[in-house]
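Thanks for coming. I have one model to go through today, and I will keep to what can be computed from its atoms. Please have a look at it before I start.

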Amino acid sequence: MSTIQTINPATEEIIASYNRMHPEAAKEKVDKAHEAFLSWRTRSFEDRAKLMHTLADLFEEKTEVYAQLATEEMGKTIAQSRGEVEKCARICRYYADNAASLLANTSVETEAKKSYVTFQPLGVLLAVMPWNFPFYQVIRFAAPALMAGNTCVLKHASNVQGCAFKLEEMIEEAGFPQGVFANLNINSDSVKEVIEHKHVKAVTLTGSEPAGRSVAAIAGENLKKTVMELGGSDAYIILEDANIEDATDLATFGRLQNNGQTCIAAKRFVVVEEVYDEFLTKFTEKMQSKKMGKPTDEDTYYGPLARIDLRDELHEQVQKTVSQGARLVIGGSVPKQKGAYYPATILAEVTPGMEGFDNELFGPVASVIKAKDEAHAIELANNSNFGLGSGVITSNRERGERIALQLEAGSSFVNKLVVSDPRLPFGGIKNSGYGRELSGYGIREFTNTKSIWIE
Ligand code: NAP
């Protein structure tokens with residue numbers, strides 16, 4: 001039996017070893033999840049909500065324990081890990097309080113005595129999840145899925161298995177029935193067998209484009225519904241009427257939060273030429289002033305990347321972009337120290353066709369792009385295979401809204417960084433995936449939208 005080790009990216013020390021689960025054992029967990037589904041689906045929203053609130057209580061009561069674990073496994077700063085854990089509690093409470101109304105029957109006027117649409121759970125869902133928000137990504141799918149009456153099996157990223165097992169333990173501790181949620185500690189090659197299992201009814205994946213393509217293809221062959229939350233290269237347009245002080249504060253936080261590893265992070269800054277130099281100067285000063293350091297130190301602004309191989313991959317992308325003609329303004333070299341650290345880096349005069357324009361840079365590296373005017377900025381922003389988030393920075397809200405409506409992305413925010421909020425749908429278009437999480441749209445993704453007609 002193979003084992004996997006989790007490694008602290010700040011120190012390169014081994015945290016723990018786990019035996020990989022054999023695919024047959026994983027399929028037994030799916031069978032148990034199916035058995036659990038048969039009674040879980042009959043429980044009232046009220047019953048399910050009680051347990052979901054208890055889970056939220058656990059996130060709130062033991063925030064520090066879970067936050068330390070996330071930081072240890074993937075290097076997020078401790079302050080941001082606490083924020084992530086607190087957000088999990090809010091998502092649990094949102095769905096505990098709102099699932100019944102979000103899934104309420106919708107009556108439809110027809111010639112029938114009675115006709116309406118009802119939303120019924122599908123069964124066992126498989127979730128393939130990434131490491132960048134090791135608790136939140138799982139709760140974002142699991143809270144609505146469980147409240148809708150589905151049961152869940154999780155294939156989490158290998159480097160955050162401690163968080164994966166902790167989630168399984170917490171859900172049990174909150175009092176959910178045995179089998180409604182299980183962590184499958186399998187490798188990605190075994191995902192196919194799990195998808196093919198007759199009791200797996202749908203699959204949700206949050207992760208990279210290649211992983212999404214592979215899992216969606218297998219699910220497609222098996223005619224199983226999928227939701228795909230994939231990568232992004234979000235563009236933020238900075239117009240000549242923007243307050244450059246505010247724009248650069250937002251850009252700095254947007255590019256460095258979660259050590260630069262957020263799907264909806266601001267990655268491409270498309271700046272109109274009138275304010276390009278001013279933006280670049282201020283942005284450079286601010287990016288340079290932020291402290292890179294141990295993620296456990298309270299005053300660290302950003303820590304290491306989650307793994308050494310990811311750091312090396314990012315560095316290659318930076319070198320490639322420079323070799324293609326971009327200007328390296330700051331950063332761009334691997335520090336001589338232990339850990340997967342990479343400094344805040346700015347690439348300027350980035351243009352279409354360059355690595356830093358066409359592909360996702362998943363780390364603290366910003367691509368700054370010059371646009372002739374508003375129309376050119378929109379064209380550059382939309383010149384991407386991705387379409388997750390996007391933004392506009394302007395002092396004119398109406399102008400911002402007009403542009404936001406033209407951006408090809410699942411979300412467009414004016415004068416604010418894109419955030420995921422349980423009240424709003426979250427997801428992408430183009431190679432950023434399809435389907436939605438959060439809000440009523442998210443909870444209905446994994447239900448049978450069923451028509452009832454009574455003559
Ligand atoms: P990843 O390498 O794609 O891994 C994501 C998950 O997929 C992990 O559990 C991984 O398992 C598994 N996996 C990888 N290849 C697979 C395959 N061929 N078949 C089945 N499973 C496979 O992505 P990541 O590095 O963890 O996360 C970063 C990416 O996720 C970025 O592109 C980011 O933008 C995206 N992301 C998107 C969203 C969103 O909501 N749209 C949110 C967060 C992150 P192993 O760990 O065992 O390889």
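Predicted model: local features only at pLDDT ≥ 70, side-chain atom pairs only at ≥ 80, totals over all residues.

First, the ground rules. Residues are numbered from 1 along each chain as its sequence is written, and side-chain values use heavy atoms, with hydrogens and water left out.

Now the sheets. Helices (H or I, at least four residues) and strands (E, at least two) are DSSP runs, numbered from the N terminus. Two strands pair if DSSP finds at least two bridges between them.

Strand β9, residues 225-229, runs antiparallel to β19, and two bridges join them. Glu229 has Gly433 of β19 as its bridge partner.

Another open sheet has seven strands, in the order β12-β13-β14-β11-β10-β16-β17, again with mixed pairing. Here β12 (327-330) and β17 (413-414) stand at the edges with a single partner strand each, so one side of each is left without a neighbour in the sheet. β16, residues 390-393, pairs with β17 in the parallel sense over two bridges. Opposite Gly391 stands Phe413 in β17.

Next, the ligand. Which residues are closest to it? There are 28 residues around the ligand, and the closest are Met129, Ser158, Ser208, Leu230 and Glu360; for this list, a residue is near if one of its heavy atoms lies within 4 Å. I also use polar contacts, meaning pairs of N or O atoms within 3.5 Å; within protein, one must be able to donate a hydrogen and the other to accept it, and residues adjacent in sequence count only if both atoms are side-chain atoms. A polar side-chain atom of Ser158 is 2.6 Å from a ligand oxygen atom. A backbone N or O atom of Met129 lies 2.8 Å from an oxygen atom of the ligand. For Trp131, a side-chain N or O atom is 2.8 Å from an oxygen atom of the ligand.

Gln161 is found in α6. Is Gln161 buried or exposed? Gln161 is buried, with a relative accessible area of 0%; buried means under 20%, exposed over 50%, partly exposed in between, with a 1.4 Å probe and protein chains only. Its side chain makes a polar contact of 3.2 Å with the side chain of Asn183. A polar atom of the Gln161 side chain also lies 3.4 Å from the backbone oxygen of His156.

Thr321 sits in helix α11, residues 308-323. Thr321 counts as buried at 0% relative accessibility. The side chain of Thr321 reaches the backbone oxygen of Gln317 at 2.7 Å.

Last, the cysteines. How many disulfides are there in the whole structure? The search finds zero, where a disulfide is a pair of cysteine sulfur atoms within 2.5 Å. Cys92 is in none, and the nearest cysteine sulfur, in Cys88, is 6.7 Å away.
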